[in-house]
Amino acid sequence: MSFRTKPEQLWCHKFDLEGFKAAMTMVFAVQEINRNPNLLPYIKLGYQMYDNCVRLDVAFRAATALVSGTEKSFSMQNCTGSPPVLGIVGDPGSTHSITISSVLGLFRVPMVSFFATCSCLSDRRHYPSFFRTIPSDAFQVRAMIQILKHFRWTWVGLIYSDDDYGRHAAQSFHEDVTAFGGCVAFSEVLPKDNNIVDIRKIMQVIKTSTSRVIVVFSTGSYLLPLMDEVVRQNVTRQWIASEAWSTSTAFLIPRLLPLFRGTLGIAIRRGEIKGLKEFLLSVHPDSNTYSMVRRFWQEMFSCRFELEEALAVSEGRVCTGEEDLSKADLAYSDVSDLRPSYNVYKAVYALAHSLHNLMSCVPGQGPFKGNSCASLHDMQPWQLLHYLQSVNFTTSFGDQVSFDENGDALAIYDILNWYGMPDGTMKARTVGVVDESQPTGKPPRSVCSESCHPGTRKARRKGLPVCCFDCLPCADGEISNATDSLECFRCPKEFWSSLEKDQCVSKEVEFLSYEEALGISLTTVSLLGVCIAAVVLAIFVHHRHTPVVRANNSELSFLILLSLKLCFLCALLFIGQPRLWTCQLRHAAFGISFVLCVSSILVKTMVVIAVFKASRPEGKGAMKWFGAAQQRCTVLILTSVQVAICAIWLSIASPTPHKNTHYQSSKIVFECAVGSVAGFATLLGYIGLLAAISFLLAFLARNLPDHFNEAKFITFSMLIFCAVWIAFVPAYVSSPGKYADAVEIFAILASSFGLLMAIFAPKCYIILLHPERNTKKALMGRASK
């Protein structure tokens, strides 16, 4: 009565990503049902969503708004017609569900929760319209008792949160642990306000108690302060987690690894929902009118849609709506371990199947007064409630969904174990299943006491209720570092499993080395080529005034021999451990050296043709275009083009050292990634173009008089060169790892030797073995034969 103005609307100050993901799963389920021609074929489901802000008053107001409607004006002529909603999915919290169901039960409005576990909600006298797709805490306690029985832990501590969830679970645990012959060493309540004094009192009880096993029923928010104090005081215990915190990523961090590795926990049943990931990634603020979608978008990308709001926060980013969800928080789109969201999915389908059964009623055979059915134009919540109590269906994942007389779901739990990763974090893995819906018998001791050795993992044997394992070997690349490991984990990227599968060892790094036989052979051949080219160059320099050398354009011959020496030497850059400078230099040096060589051969061919033309009356001025200066300039221009190609390639997408793990899982192939395939192709293509032109010109001039038989030698050399590099391309592409480098070296050496032998071997033969033919008269005489 003290209010004078309307209270302001409450505002949620933090965004709960898991809650939003659950809400979007409900939307997905509704849309999937509306597309299903076999389920509610003539009905389209609709929905309204409310954010409870994790506050009881907001949740209660939302529930009453859903039931009574939000219209501001009402017609008082009658109170007939269908209510605004026929059923409610939620609330996730036990305390909220207790309050809301107390009121909704008076009007028989069905409410299906996906996360409220308090055993008190199974009381049909107080909550006649409450259902849930998550098992009651009464079943969770029984599952924990099975774990304690299996390990023969009879002296345990108990910690629980000061709320309906914690108090009722603790009460059930006290009763059940005593029934199986165990004892509770201590029972402590977590403070709601995270008071450090109370936390330290609990720590003192833990340290002084002789119990080494502690069971905790609590949500993560109440438990985190205690965990921080456990780490600070370095207290080691065996922890058993309730489903409220066993899968929380807030605890799976490196700081908690030393003390909480090995924690066992109860988790609600995981499931899979086909198509959900694609739907989650398709959520967009422009295609959805819900304000919570805009809030979600802002949280995911640390931006604001309004400029004023963006300027008020530290990031200062304005949302465009074009951000990519697939590159945002991976936890949002991760559907590999669905638990609460899977329960939401089952809750929506439970209501849909109930409505389908209601609409399938045959008049005169109905369950209501006078064997009547529900009116399709005046359906009431209490009628849907009747069908919900007996609903029974199977999800696409293969799980059966039904409710017992108390509205509880079939109790199936996953048993989790926290284990350490090589990067210092923890993960929770499923190591067993407790199925309370089936009769359980004590498993044979011989099976449950099996001991698994390093290199194997424990796998649950089907048909047994909990913690019974077979020993299975780890796969290649996986290890277990400990005896009786519950799961194998994959070695890091650059490591592989040892033969015993008990430790990760560094992968063998493979590259073409100077120490191995192949590398030694190629190095030897390369240096041999350099030596031969040097000897030929020395021969030509020594006999530079003889007719054979002078008749074959000695300057271009020296240039070709020099470039061939560089070609032989650049092959060495492909051997040895790849480094940034060798990766960048190897192709550049190879490309420029070969262009220098081939362009010199091309100019030499053109000079041969020009000399022949000049010997005829009609071609007397041809040689003025092919003087020494023009020859040098042509070679320089043609080589400069390749230099420009290499410079552009290295500046835009330079080759870099790369550790490739795709060729072979157990090895790392250390190679030079080309960076730009287009750059590499352009470099090779330009060499090929010059070689093709040289070959064509030499081929056309092959029938010149004998003393101009240089054209035949060039034709043969270019034929070898082109054949080698045409064969190189498919061989290079199909060769793995270091053998690709070996193929390229072989192509370099083969083509270089081909040019050296085809062009210079005949001349050296005359100079060294038949000096009598190395005269002008002899050369001119050959032409007159």
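I began with helix 16 and helix 23, whose crossing is left-handed (the near helix is turned anticlockwise from the far one by less than a right angle; clockwise would be right-handed). Helices here are DSSP runs of H or I with at least four residues, and strands are runs of E with at least two, numbered from the N terminus.

The model is predicted, with local features needing pLDDT of at least 70 and side-chain atom pairs pLDDT 80 or more, while totals for chains, interfaces and linings use all residues. Residues are numbered from 1 along each chain as its sequence is written, and side-chain values use heavy atoms, without hydrogens and water.

**Entry 1: helices 16 and 23**

I looked up the geometry of helix 16 (residues 517-542) and helix 23 (residues 738-769): the angle is about 25 degrees and the axes are 10 Å apart. Axes are lines fitted to C-alpha atoms, for helices over the stretch in contact, and angles run from 0 to 180 degrees between N-to-C directions. The two helices are therefore roughly parallel (under 35 degrees; over 145 is roughly antiparallel, 65 to 115 roughly perpendicular, the rest oblique).

I then listed the contacts (heavy atoms within 4.5 Å). On helix 16 they include L518, L522, V525, G529 and F540. On helix 23 I noted, among them, Y739, L749, F753, K763 and L768. The residues of this contact divide into 19 nonpolar, 2 polar and 1 charged (Ala, Val, Leu, Ile, Met, Phe, Trp, Tyr, Cys and Pro are nonpolar; Asp, Glu, Lys and Arg charged; the others, Gly among them, polar).

**Entry 2: helices 13 and 14**

Helix 13 (residues 340-359) packs on helix 14 (residues 381-389) at about 110 degrees, and I find their axes 8 Å apart. That makes the two roughly perpendicular. A350, L351, S354, L355, N357 and L358 of helix 13 meet Q383, L384, Y387 and L388 of helix 14. I count by class 7 nonpolar, 3 polar and no charged residues.

**Entry 3: helices 20 and 21**

The axes of helix 20 (residues 628-652) and helix 21 (residues 677-700) come within 9 Å and cross at roughly 170 degrees. I therefore put the pair down as roughly antiparallel. The classes are 10 nonpolar, 3 polar and no charged.

**Entry 4: disulfides**

How many disulfides does the structure hold? I find 4, each a pair of cysteine sulfur atoms within 2.5 Å. One I checked joins C118 and C120, with the sulfur atoms 2.4 Å apart. The torsion about the S-S bond of C118 and C120 is about 130 degrees, so this disulfide is right-handed.

**Entry 5: backbone**

Most residues other than glycine have a negative phi, and most peptide bonds are trans. I noted the cis peptide bond from G90 to D91, with omega near -10 degrees. D91 is in the loop between strand 1 (88-89) and helix 3 (94-104). C53 has a positive phi, near 55 degrees, and sits in the loop between helix 1 (17-35) and helix 2 (56-68). R152 has a positive phi near 60 degrees; its loop runs between helix 4 (137-151) and strand 4 (155-161).

**Entry 6: confidence**

The chain averages a pLDDT of 83 (the predictor's confidence in each residue, from 0 to 100), and 87% of the residues score at least 70. Residues 73-78 stay under 50, with 0 contacts beyond four places in sequence. Residues 461-468 are also below 50, but I find 28 contacts there beyond near neighbours in sequence.
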